[in-house]
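Please have a look at it first.

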Amino acid sequence: MGTKIPVLVSARHLHLSQDVVDILFGKGHKLEPAGPSNGQFLSTSRVKVVGPKCSMENVAIMGPCRGFNQFEISMTDTRTLGIPAPIRMSGDIEGTPGVKLVGPAGEVELDKGVIVAKRHIHLSKAAAEELGVADGECVMLRVESEGRALIFDDIIARVGGPESVVHIDTDEGNAACVVKGTMGQIIKK
Ligand SMILES: [Zn+2]
């Protein structure tokens, strides 16, 4: 116990290949960071997603482009859109549902890639050693918040990143009343 890790809430977002970005926004369109960034960034480009039950405008695209297409949504979004996406780790998209994307220059029908991202903790090597947590280990996390402190189970540790941070989605963040500056503590199982 002891080490406190910042908890970050990710709203629904897309990771796209350059091929798909070209179709949606026009050939050679470059994803630009919406603010200061190092590495992965929230881009200024937005797109409409069309599900069987509902459409969503202004969905954020993360940059830079990746080798595959993935749409990360919350459990609430799966109901709103009518897309029964499974809980998966990022990149594990085989057998997942697809979705239609509509950009200013064209449309793309993704045949897979819609997931509810499994909650996870990025740990630096040093932090993982200090906590005695291995890469891929399933741990619990106690989130401190104003009036809604919550212990999450089923959180996967991913060791090796530059910093330690917890990634959860908007449903999970709201359940624990996570705001800017909210911290969590790992509980080993
Ligand atoms: Zn993450």
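Before anything else, two strands are said to pair if DSSP finds at least two bridges between them, and strands (E, at least two residues) and helices (H or I, at least four) are DSSP runs, numbered from the N terminus. What you see is a predicted model, in which local features need pLDDT of at least 70 and side-chain atom pairs count only at pLDDT 80 or more, while totals for chains, interfaces and linings use all residues. Residues are numbered from 1 along each chain as its sequence is written.

Let me begin with strand E14, residues 183-187. Four bridges join E14 to strand E11 (residues 138-143), the two running antiparallel, and within that pairing Leu 141 has Ile 186 as its bridge partner. Strand E1 (residues 4-10) also pairs with E14 in the antiparallel sense, over three bridges, with Ile 5 standing opposite Gly 184.

The side chains of E14 alternate: Gly 184 and Ile 186 point to one face and are buried, where buried means 20 or more other C-beta atoms within 10 Å of the residue's own, exposed means 12 or fewer, and partly exposed lies in between, with C-beta atoms placed from the backbone.

Stepping back, E14 belongs to a closed barrel of six strands, running E1-E13-E10-E12-E11-E14 with mixed pairing.
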